[in-house]
Amino acid sequence: MYAQMVKSEATQDDPDMLAAFQARVDAGEKIEPKDWMPAGYRKTLIRQIGQHAHSEIVGQLPEANWIARAPTLERKANLLAKVQDEAGHGLYLYCAVETLGVSRDELTEMLLDGRMKYSSIFNYPTLTWADMGAVGWLVDGAAIMNQVPLQRTSYGPYARSMVRICKEESFHQRQGFHVMMAMVKGSEAQKRMAQDALNRFWYPALMMFGPSDKDSVHSEQSMSWKIKMNTNDELRQKFVDETVPQAEYLGLTIPDEHMKWNEDTGHYDFTEPDWSEFFEVIQGNGPCNVDRIAARQKAWDDGAWVREAMVAHAEKKQSRKSAAE
Ligand code: FAQ
């Protein structure tokens, strides 16, 4: 269905229609599901929103790892609620992407056979309880930095889904920071765990914003269509500028000896992540890629009977309705 739709739009991408579409985007109008859109716009949205939805769902796995081992009942309830929120975010985003003519089943199949990606960050393991603090503080912190501007993105269903997601992600970020505060005020061993979590998650968090602008394939077109509102490097810099003082407040050290406030630019100078590691991770060679996809594959296989039962029920209902007419 999706392939047919893109093909028919490609033949319609005449210059006048493209210019009229661009004028609507430039004027800040929202594009809605039934509006005409260039095939490339639809394709880019499906890629980005679908990848975002998969990230929310796969992103539950590193945290689910700690639900049964949370140190107190309160921490356990908070973590459980956070993981449930991520499931909700995945569902809003799958609904948003389905308005573009691709089904959730197709999206899942594309994730499982490697045609679609999910965020690089979720291919790193969560080794200690302090990682639950670091994930909330840094990973949700980076997610918000990227997603707040997306509330103004040009595609209506995506922009609207971002509103609630951002509110919930802000809460998650604070919850993570609160875990870090408790760790740094605890014993020496707890403080060391917090520093170790920051050391391991700092560069993977910076990678969440995507490759540096010179290597970003999609940014230019996505920004002109207002699918993206900022470049990857702009958001990464903003994240660094906001996070360094938070680390100082916690009494932790960012693992970057070149991190320095630059009076001239009004920003922190920092060391770029190791981009070869990033490209390895997004090609499937990170520490947890195999486990993450295996977990999603198992969930998909285990759910097959539910999907079959729902189809059988719908067919039965339809045949009863037809017989009564
Ligand atoms: N991971 O040309 P660009 C969360 C790929 S939500 C994997 O710059 P673009 C909540 C990119 O797809 C986190 N792949 O790409 C949570 C492209 O490859 P392709 C997810 C990446 O799309 C918290 C290639 O590299 N958020 O964490 C990544 O213009 C805690 C070239 O890159 C979103 O998805 C990456 N990090 O910019 C859940 C936000 N970066 O597809 C649980 C929406 C790049 O051509 C617990 N997405 N690639 O094969 C975006 O804003 C954009 O898609 C970017 C990438 C900025 C991620």
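This is a predicted model: local features need pLDDT of at least 70, side-chain atom pairs count only at pLDDT 80 or more; totals for chains, interfaces and linings use all residues.

The largest cavity has a volume of about 80 Å³. Its lining is made up of Glu63, Arg75, Asn78, Leu79, Lys82, Trp129, Met132, Gly136, His172, Gln175, Gly176 and Val179. Helix 5, helix 7 and helix 8 (156-184) each contribute at least two residues to that lining. By class, the lining of the largest cavity comprises 4 nonpolar, 5 polar and 3 charged residues.

The second largest cavity holds about 30 Å³ of space. Pro62, Ile121, Phe122, Tyr124, Thr126, Val135 and Phe201 form its lining. Here the classes are 6 nonpolar residues, 1 polar residue and no charged residues.

## The second largest pocket

The second largest pocket has a volume of about 300 Å³. It is lined by 14 residues, of which Tyr94, Arg104, Thr108, Arg296 and Trp300 are the closest to its centre. The lining divides into 7 nonpolar, 3 polar and 4 charged residues.

Which helices each supply at least two residues of this lining? They are helix 3 (39-58), helix 5 (73-98), helix 6 (104-112) and helix 13 (289-302). Helix 6 gives the most, with 4 residues.

Just after helix 6, the backbone at glycine 114 adopts a positive phi of about 85°.

## Packing around helix 11

Two packed helices are described by the angle between their axes and the distance between the axes. Helix 7 (residues 130-147) and helix 11 pack at an angle of about 145°, with their axes 10 Å apart. The crossing of helix 7 with helix 11 is right-handed. On the helix 7 side, the contact is made by Trp137, Leu138, Gly141, Ala142, Met145 and Asn146. On the helix 11 side, the residues are Leu235, Lys238, Phe239, Glu242, Thr243, Gln246, Ala247 and Leu250. This contact has 8 nonpolar, 4 polar and 2 charged residues.

Helix 11 (residues 232-250) also packs with helix 9 (residues 188-207); their axes come within 9 Å and cross at roughly 145°. Trp202, Ala205, Leu206 and Met207 of helix 9 meet Arg236, Phe239, Val240 and Thr243 of helix 11. By class, the contact of helix 9 with helix 11 consists of 6 nonpolar, 1 polar and 1 charged residues. Phe239 and Thr243 of helix 11 take part in the contact with helix 9 and also in the contact with helix 7.

Where does lysine 226 lie? It is located in the loop between helix 10 (219-224) and helix 11. Lysine 226 has a positive phi of about 55°, although it is not a glycine. Is lysine 226 buried, partly exposed or exposed? Its relative accessibility is 23%, so lysine 226 counts as partly exposed, since buried means under 20% and exposed over 50%.

Key: Residues are numbered from 1 along each chain as its sequence is written. Side-chain values use heavy atoms; hydrogens and water are left out. Axes are lines fitted to C-alpha atoms, for helices over the stretch in contact, and angles run from 0 to 180 degrees between N-to-C directions. Contact means heavy atoms within 4.5 Å. Ala, Val, Leu, Ile, Met, Phe, Trp, Tyr, Cys and Pro count as nonpolar, Asp, Glu, Lys and Arg as charged, and the others, Gly among them, as polar. Buried means under 20% relative accessible area, exposed over 50%, partly exposed in between (1.4 Å probe, protein chains only). A crossing is left-handed if the near helix is turned anticlockwise from the far one by less than a right angle, and right-handed if clockwise. On a 1 Å grid over the protein atoms alone, a cavity is a set of points where a 1.4 Å probe fits but cannot get out, and a pocket is an open set with protein on both sides within 12 Å along at least five of seven lines; lining residues have an atom within 4 Å of a point. Grid points are joined across faces, edges and corners, and a volume is the space filled by probe spheres set on the points.
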